[in-house]
Amino acid sequence: MRYIELKEQLKTLSNCKVISIGKTILGKELYVICIKGTTTSSVIIQCAMHAREHITCDLIINLLNKYNGEFIPNIYIIPLVNPDGVEICESGRYNYKANSRGVDINNNFNAKWNSLSYYSAYPCESGYAGKECESESETQALVKITKIIQ
């Protein structure tokens with residue numbers, strides 16, 4: 001799902017609250033969809049962290065359109081973690097996974113950061129962990145919402 005389509009879909013959702021948790025490098029809003037549950041347990045679902053896996057955004061929006069209010073935990077959904085990368089991927093670079101700076105977002109967290117042998121030393125379409133852990137705005141937004149929910 002393209003970013004512009006996501007923004008339109010978010011306007012149609014009911015039984016949930018949509019808030020911005022930050023912006024991408026190119027200034028696109030990163031949204032979280034909050035569904036209030038009946039318990040104190042929480043679940044975070046993130047979609048489209050890798051640009052070439054943007055079909056997960058479509059999947060979660062389709063599921064939300066079928067949502068009938070029966071979920072029990074609090075649910076927080078980030079439907080499109082990497083809209084900048086998706087735009088690059090959809091422009092013809094179909095194997096592209098990274099954000100617009102060439103950082104593979106799921107390798108940018110402070111968990112064994114830059115410790116695997118297959119990581120790239122330079123920005124590229126896949127495998128570069130960034131100059132330092134949590135250097136990317138997309139990563140920072142996910143860390144922020146996780147700490148708030150904890």
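Predicted model: local features only at pLDDT ≥ 70, side-chain atom pairs only at ≥ 80, totals over all residues.
1. Which residue has its backbone nitrogen 2.9 Å from a polar atom of the side chain of Thr56? That residue is Ala48.

2. Residues are numbered from 1 along each chain as its sequence is written, and side-chain values use heavy atoms, with hydrogens and water left out.

3. Thr56 sits in helix α2, residues 55–65. Helices (H or I, at least four residues) and strands (E, at least two) are DSSP runs, numbered from the N terminus. Leaving aside residues up to four places away in sequence, Thr56 touches Cys47 and Ala48, where contact means heavy atoms within 4.5 Å. Thr56 is partly exposed because its relative accessibility is 28%; buried means under 20% relative accessible area, exposed over 50%, and partly exposed in between (1.4 Å probe, protein chains only).

4. Strand β4 (residues 74–78) has five of its five residues buried. Asn74, Tyr76 and Ile78 lie on one side, Ile75 and Ile77 on the other, and both faces are covered. In a regular strand the side chains alternate between the two faces of the sheet.

5. With β2 the sense is antiparallel, over three bridges, and Ile33 stands opposite Ile77. With β3 (residues 42–46) the strands run parallel and are joined by five bridges; here Gln46 stands opposite Ile78.

6. Helix α3 (residues 83–90) has as its buried residues Pro83, Asp84, Gly85, Val86 and Cys89. They pack against α1 (3–12), β2 (29–35) and α4 (137–149). After α3 comes Gly92, with a positive phi near 125 degrees.

7. The disulfide count is zero, a disulfide being a pair of cysteine sulfur atoms within 2.5 Å. For Cys89, the nearest cysteine sulfur belongs to Cys57 and is 13 Å away. Cys89 counts as buried because its relative accessible area is 3%. For Cys133, the nearest cysteine sulfur is that of Cys124, 18 Å away. Cys133 is partly exposed, at 29% relative accessible area.

Technical notes: Polar contact = N/O pair within 3.5 Å; in protein donor to acceptor, adjacent residues only side chain to side chain. Pairing = 2+ DSSP bridges.
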